[in-house]
Number of protein chains: 2
Amino acid sequence: MARTPSNELEDRIVAAASAEVVEVGAAALTQRSVAKRAGVSPQSIYNRFGDQHALLDAVADRAFVELAERLRAEDGHLLDDITDPVENVIEGLARYRRFAMGNPRLYGLMFDAQVGDFRISDRTLGTAFDSLQVLVRAVERGIEAGVLSEADPLEVAQRIWAAAHGVLRFELTDVGFVDDWDRHYESTIRTMLRGLGASA
Amino acid sequence: MARTPSNELEDRIVAAASAEVVEVGAAALTQRSVAKRAGVSPQSIYNRFGDQHALLDAVADRAFVELAERLRAEDGHLLDDITDPVENVIEGLARYRRFAMGNPRLYGLMFDAQVGDFRISDRTLGTAFDSLQVLVRAVERGIEAGVLSEADPLEVAQRIWAAAHGVLRFELTDVGFVDDWDRHYESTIRTMLRGLGASA
DNA sequence: AAACACTGTGGATCAACGTTCCACTGCAGT
DNA sequence: ACTGCAGTGGAACGTTGATCCACAGTGTTT
């Protein structure tokens with residue numbers, strides 16, 4: 001070894017790529033535009049990440065970390081402070097929605113294959129799993145409180161998550177025929193929670 | 001006017017593009033490959049459709065028509081023949097899932113922005129709306145039978161649709177941590193229907 | 001202090017892509 | 001028979017992801 005690579009450079013590249021994704025989307029992002037924005041040569045990206053997919057994967061991974069943080073605490077309000085289990089889930093998913101609608105293109109990168117055959121790596125999928133734990137914990141609370149019926153919390157959390165994701169995807173791609181998406185989103189989740197209720 | 005354009009040619013191009021989408025996906029599809037497959041010159045595609053997005057839109061439109069047909073009748077079995085309202089919805093969405101999983105790339109084109117900033121046109125969105133009517137009708141039956149509580153059938157149908165779509169998207173992009181996706185899919189829908197139940 | 005090893009630069013290059021242009025051909029309508 | 005447009009074939013342009021190369025800079029080792 002002769003020289004220690006500066007990971008400050010790596011951060012700059014990922015930050016530039018993130019900004020690019022947020023502004024124009026992953027599909028419109030180019031290696032040259034990222035390099036220019038980060039103030040590095042196009043070659044450096046390949047030296048660091050290998051190819052474009054790997055770079056996008058790094059962007060997605062970082063986004064999942066930010067998502068998890070935002071779910072746990074938004075504007076200083078901890079999700080754990082909400083005691084009512086149902087409202088805890090509702091508020092958590094409301095934050096989830098604000099994240100998605102605030103950064104639609106980033107959300108698209110995380111959950112779609114927006115650019116060619118890009119797929120999230122297993123490592124990034126692990127980070128996504130960490131984010132999901134927030135919802136899993138909320139479900140566990142609901143079960144303990146008897147508001148949700150006994151079942152595998154992970155499986156239940158994913159049912160709720162899927163429903164929320166489905167609504168968001170439709171909203172983001174303008175598919176569907178809804179006046180008030182905000183209301184529709186919450187209605188769908190409340191319907192889900194009602195279906196998961198302990199009563200019979 | 002001198003010559004009547006053969007829409008047989010148009011059909012050939014759309015058919016070739018559909019096959020291409022099914023096999024390699026919309027992102028990997030190229031104008032040249034479609035032209036070659038259809039046995040026409042690349043130029044003809046532009047003469048007919050304008051650009052690639054318009055061609056993909058035509059493919060999506062056709063796919064929505066096929067989806068609606070398949071929902072209504074699969075292997076000669078009419079959906080309307082199922083009298084039980086709940087099982088009617090379940091079977092309809094099972095067919096929906098088989099369509100999606102049988103043609104994942106086509107499904108991706110219909111509901112994602114898989115290639116750049118491509119969006120379904122308003123006209124194609126109308127066709128999608130027609131497909132949704134199958135589910136709306138099933139919900140109406142459920143309400144009439146008292147199995148589902150009184151509400152706007154269109155709004156309710158979209159809640160169910162969104163939940164189904166969410167599960168499918170996660171399955172298709174390998175996001176989520178589920179053993180048996182088939183079971184998870186049906187569980188999610190049944191949870192939804194339970195939440196929509198007439199009982200208080 | 002000197003030599004080394006590696007990172008990053010700058011620029012050229014390649015193949016593939018969507019799209020456009022143009023000259024040419026062939027058929028349908030008057 | 002003449003005319004006009006649909007479609008062909010091929011070249012071309014600009015942009016993209018990716019690779020290659022010679023060169024400069026800098027931290028580490030000797």
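Is B:Val115 buried or exposed? B:Val115 is buried, because 21 other C-beta atoms lie within 10 Å. (Buried means 20 or more other C-beta atoms within 10 Å of a residue's own, exposed means 12 or fewer, and partly exposed is in between, with C-beta atoms placed from the backbone.)

Some ground rules before going on. This is a predicted model, where local features need pLDDT of at least 70, side-chain atom pairs count only at pLDDT 80 or more, and totals for chains, interfaces and linings use all residues. Residues are numbered from 1 along each chain as its sequence is written, while chains are lettered from A and ligands numbered from 1 in the order in which they are written.

Back to B:Val115: you'll find it in the loop between helix H6 (104–111) and helix H7 (122–144) of chain B. (Helices, H or I with at least four residues, and strands, E with at least two, are DSSP runs numbered from the N terminus.) Setting aside neighbours within four places in sequence, B:Val115 is in contact with B:Ala26, B:Ala27 and B:Leu56; contact means C-beta atoms, placed from the backbone, within 7 Å. B:Leu56 sits 59 residues away in sequence, yet the C-alpha atoms are 9.6 Å apart.

Now for chain A, which has nine helices and two strands. Of its 200 residues, 42% count as buried.

The two chains touch, with 37 residues from chain A and 36 residues from chain B taking part. These helices of chain A each supply at least two residues to its side of the contact:

| Helix | Residues |
|---|---|
| H7(A) | 122–144 |
| H8(A) | 153–172 |
| H9(A) | 181–195 |

H8(A) gives the largest share, 11 residues.
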